[in-house]
Amino acid sequence: MTTLQLPSSYTNAPPDPMAGQHVSPLHAFTIMNRHRLAMGAVALAIAIPAGIGIFSLKPYYNASSILIVGTRQAPFRDLQATVSQTDVDTVAVNSEVSILRSPAIASAVVRKLDLTHDPVIRAAMENVSLPRRIINTVTGFFVHAPPAPPLTEEERVQAVAGLLDHWVTILNDGRSYIITITASTGTAQTSARIANAYADVYLDFKRHMKVSATWQANALLDEQIAPLRERLRKAEQAVQAFREKNGLIAAELERAPMGNGANGDGGGGTVTDQQLTQMNHELILARADLEVRRARYDEVRNAVRNGSLDSIPDAVSSPLIQQLQAQEAQISSRAASLGQVMMDGNPTLQSTRAAAAQVRSRIAAEVQHIASSAAKELASAEARVKALSSAVDKLQEQVTAENEADVTLRQLQSEATAARTVYQDYLGRFAQTSTQAELQVAEAELISRAAPPLEASGPPRKQYMAIALLFSLMAGAGAALVIDRTRKGVRSTAELDAIPGLFALGLVPAFTGSLVRQYTGRHRSVYLETVESIRSVLSFGHSRFRAKVVLVTSAEHAEGKTTFALSLAANTGRGGQRALVIDCDIRNPSAMRVMGALSVPHDSQMPVDPLLVGLERDVLPGVDILTPAGMAQREGRAMLSPEEVRRILAQVSSQYDLILLDTPPALAFPDAAVLSRLTDGVVMVVKWGHTSAATLVQAMRTLHSYDARTLGAVLTQAPQEGLDEAEQHPFRIYNHYGLLPRG
């Protein structure tokens, strides 16, 4: 058997007043559809002025020049430096971007292009924005400011520089050394001029910085050169004076490379050093010659003593001695021949022998002459060696004295050499910086110059219009949601189900005209059918909802509870049954007033029960209305007595199929809560879009505090156009059957 699954709030467990409300996200579209007119009005109110403003925007032209910064020339021999990829120095690039954005660069561009007299710039400076005009107009009513004095030339430059700060964009992507300078103005030529001027001024600025640094270094070097020159001059003078004082006159002789001169410096030695060296060399040669002379003399003397002329080289090599020896040999040979044939007394033999003796005498004389010559040469060599030795000894004594002064000379020469080295180094640097000052280039290059754009760069009207339309639609949707949010009333049966302790029995649409007209006309209507569906639930639905005695109330006043109670009774009467409506609102009885103060004539012959004195029969077919007698005189009483109502119900229960108690609002008065215990259940009437969920929670809390049994809630006076998609679906079916609301 199929059973009806009811919310937990219909069990015996107490309701949770803090239970959350869960609404589908698609409900937002329903809300926007409900307030589509307001949404469209807000969207148009934003889109139309935005469109007018967008299409009135003046076109602008973007021109860009591109720089690359931090470029350095690497020597070709350094292949690694030439081909290696270095990391991007973000700090350095950002520093260059900040320089380009500085007011100094902007002011230099203004002066370079003479922008203070440019017509486009003048028009931009004289243009006053709409907000500023409004502020000036408003403040003009209260404060009469004197006219501003004319700007000076420097002030105009600063003002134009401020404009350039808004017109020029300096960008770097953070991943390269590329810097893009983009100028955006009202004319293509002006944009290109400004972008190129920024690049040129920046490059000139960087070049000027390097030149200034070079000249500053040059000036510092120049300041140091004069003292260094004076220091070198004094050091060289001191060396020369010391040389002259101590007789250390340098010889005009070149020393051999890597020579070992006496002074050990790079120049020649002193005269004494040179003389000593020369004397030592001559002494060595003289001693060698002496030994040669002595050996020759000894050889000649021994040869003479021994008579061995062949051992004397000079005798052997002498042509005269050789000639004499040849004559001696010839004569001796003749004498020998003659001696064999002649006697010793032979005159020829004797003359021959005398001739041989004479030749030998001449040979001996010649040899003696050679020996005498050798002796003289030996004596001369010995004298020369002695003289040279004496001269060397004197020079050595002089060199020894000079060496003692040479220590001081070396120190002076070292100081002079150091002064000369420093001076020459400074001179070289000075010459280098002087040359570099004329050849300095900035560490940046202009990759491309800005060209005047062929067409306007903006504004992007289509994109702006798309954004304006999107924003206007969002604003309209937001306005619809805000309007719906400000109306805190419940607008769907789903919201009723979310209230703890409530179950939506149904939804009743609003109608025009009187209630009597709805039930006396011939045409069926959606209103009657929706009320009938609710009556069916109370008569034939789940046992939880079936009831004969029903208390009808609401959280607040003017929610249509009396009209609904009468409608429920009228639908019962249309079904051939009898229904009674008891007006229990002692403070404001309204059942008969809703029916148009209709009163049915009573049969005076029939006895009337005192409890039913205010009974009006057949107000509508099958519908009776009981207004307890003396309502106007009951002002002193707070409410109908439960005992009195119990007696009325006991009296009429058997005569009616449905009895409805119309009570005051439950949130303000306790009538409904107290009388609910005499009925089968309570039906809460909720006005669509009027009663808030928080109000219903408070009303349900009041009923539960009296242990009232709540059958459910009915949403009344609902406009068909404002319903959710799910709740509009039944109305489409009603329309298909021709059940149109009657006007």
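This is a predicted model: local features need pLDDT of at least 70, side-chain atom pairs count only at pLDDT 80 or more; totals for chains, interfaces and linings use all residues.
Q: Let's start with charges. How many salt bridges does a search of the whole structure find?
A: The general idea: side chains of opposite charge can pair when their charged atoms come close. Here the search of the whole structure turns up 15 salt bridges.

Q: Which residue forms a salt bridge with Glu154?
A: That's Arg111, with the closest N and O atoms 2.9 Å apart. This pair ties together distant parts of the chain, since Glu154 sits in helix H8 and Arg111 in helix H5 (residues 103-113), 43 residues apart. Glu154 is partly exposed, at 40% relative accessible area, and Arg111 is also partly exposed, at 47%.

Q: And how far apart along helix H10 are Glu291 and Arg294?
A: They're 3 residues apart in H10 (residues 271-306), so about one helical turn separates them.

Q: Now Asp624: buried or exposed?
A: Buried means under 20% relative accessible area, and Asp624 comes out at 0%, so it counts as buried. Asp624 forms a salt bridge with Arg578, closest N and O atoms 2.8 Å apart. Asp624 is in strand S9 (residues 623-626), while Arg578 is in the loop between helix H18 (561-574) and strand S7 (579-583). Arg578 counts as partly exposed, at 26%. Both belong to a salt-bridge network that also takes in Arg617 and Asp618.

Q: Switching to nonpolar side chains, which residues form a nonpolar patch on the surface?
A: Look at Ile134, Val138, Phe142 and Val143, which together have about 430 Å² of accessible area. Phe142 lies in the loop between helix H7 (130-140) and helix H8 (153-167). With 68% relative accessibility, Phe142 counts as exposed.

Q: How do I read a strand, say S1? Which strands does S1 pair with?
A: Follow the bridges. S1 (residues 61-69) runs antiparallel to S3 (residues 178-185), with 8 bridges joining them; Ser65 has Ile181 as its bridge partner there. S1 also pairs in the antiparallel sense with S4 (residues 444-448), over 4 bridges, and Leu67 stands opposite Leu446.

Q: Last one, helix H22. Which of its residues are buried?
A: Among them are Ala693, Leu696, Val697 and Leu703. Their cover includes helix H15 (493-497), helix H21 (671-675), strand S11 (681-687) and strand S12 (710-718). H22 itself (residues 693-705) has 13 residues and spans 18 Å from first C-alpha to last, close to the expected 18 Å. Just after H22, Asp707 adopts a positive phi of about 60 degrees.

Key
Residues are numbered from 1 along each chain as its sequence is written. Side-chain values use heavy atoms; hydrogens and water are left out. Patches are made of residues with over 30% relative accessible area and no salt bridge: like charges are joined within 9 Å, nonpolar side chains (Val, Leu, Ile, Met, Phe, Trp, Tyr) within 5 Å. Accessible areas come from the Shrake-Rupley method with a 1.4 Å probe; for residues, only the protein chains shown count as cover. A salt bridge is a side-chain nitrogen of Lys or Arg within 4 Å of a carboxyl oxygen of Asp or Glu. Helices (H or I, at least four residues) and strands (E, at least two) are DSSP runs, numbered from the N terminus. Buried means under 20% relative accessible area, exposed over 50%, partly exposed in between (1.4 Å probe, protein chains only). The expected span of a helix is 1.5 Å times one less than its number of residues. Contact means heavy atoms within 4.5 Å. Two strands pair if DSSP finds at least two bridges between them.
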